[in-house]
Amino acid sequence: MLLELRDVHVHYNKVAALKGIDMGIPDKGMVTIIGANGAGKSTTLRAISGLTRISKGEIVFDGQRIDKLAPEKIVALGIAHVPEGRRIFPDLTVEENLRTGAFLRKDSSAIDADLEDVFRRFPRLKERRTQWGRSLSGGEQQMLAIGRALMSRPKMLILDEPSMGLSPVMVDEMASIIRDIMERGVPVILVEQNAELALKLARFAYVLETGNIALEGPAQELHDNEHVRRAYLGA
């Protein structure tokens, strides 16, 4: 496994947000984490990327324990996190936003090549490369956030609610973008309120309920599970 969470606990003051979860993320394809609001999905992602400290357990990435590292060290190891709400820099241009994703890199010529690759992948961003981030639509801002993460040349990409607030047409486009990223060999961890979409995209899935893993297995099996269908798919 490229990434392993072993008996991971997270507390906010005295409240347990994660209660000893175990997860394994392979070095290709997508794993999704689904669950209700407050189940611990975003907390899991924040623990992986070092934004939230764990109170017990271990997180191991590519053979190295990372749960005591600063977030920038985790980024340098190859984990890129696109947080919920995009969080682009509104007062920087599209190109400046993208270049911030490569701030730890020193290979300037390769950075320029990767920038052009992002523009090939997201032609709308190329059209708007000199516009301020705040002038973009919600879907364009999500593209920008993903493009910025790709500029770090990640070994693993974490996506937190990438379809939130997007139109149905833009959700379909976002799904195509995520598939393309996976096909290019970047493993993805996806947290997505749209469980139907998440289970269609992913190979393996975890269901979190109140800080515990309630179910896990191949995504198609969970898609057909009666509890999952009733609780998360509206069946």
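Contact here means heavy atoms within 4.5 Å, and helices (H or I, at least four residues) and strands (E, at least two) are DSSP runs numbered from the N terminus. The model is predicted, so local features need pLDDT of at least 70 and side-chain atom pairs count only at pLDDT 80 or more, while totals for chains, interfaces and linings use all residues. Residues are numbered from 1 along each chain as its sequence is written, and side-chain values use heavy atoms, with hydrogens and water left out.

**View 1. Helix H6 and its surroundings.** H6 covers residues 138-150, 13 residues in total. From first C-alpha to last, H6 reaches 19 Å, close to the 18 Å expected at 1.5 Å a residue (the expected span is 1.5 Å times one less than the number of residues). Of the 13 residues, 12 are buried, so H6 is largely enclosed by the rest of the structure; buried means under 20% relative accessible area, exposed over 50% and partly exposed in between, with a 1.4 Å probe and protein chains only. Among the buried residues are Glu140, Gln141 and Arg148. The buried residues pack against strands E6 (79-82) and E7 (156-160), and against helices H3 (94-100), H4 (108-121), H5 (123-127) and H7 (168-183).

**View 2. The contact of H6 with H7.** Gly139, Gln142, Met143, Ile146 and Leu150 of H6 meet Met170, Glu173, Met174, Ile177 and Ile181 of H7. These residues divide into 7 nonpolar, 2 polar and 1 charged; Ala, Val, Leu, Ile, Met, Phe, Trp, Tyr, Cys and Pro count as nonpolar, Asp, Glu, Lys and Arg as charged, and the others, Gly among them, as polar.

**View 3. Glutamate 192 in a loop.** Glutamate 192 lies between strand E8 (188-191) and helix H8 (195-201), and counts as buried at 3% relative accessibility. Its side chain makes a polar contact with the side chain of serine 163 at 2.6 Å and reaches the backbone nitrogen of asparagine 194 at 3.0 Å. A polar contact is a pair of N or O atoms within 3.5 Å; within protein, one must be able to donate a hydrogen and the other to accept it, and residues adjacent in sequence count only if both atoms are side-chain atoms. Leaving aside neighbours within four places in sequence, glutamate 192 is in contact with residues including Ile33, Ile34, Pro162 and Leu197.

**View 4. Isoleucine 48 in helix H1.** Isoleucine 48, in H1 (residues 41-48), is buried with a relative accessible area of 2%. Not counting residues up to four places away in sequence, isoleucine 48 touches Leu3, Leu5, Ile59, Ile66, Ile74, Ile79, Ile158 and Ile189. Isoleucine 48 and isoleucine 74 are 26 residues apart in sequence and 8.5 Å apart in space, C-alpha to C-alpha.
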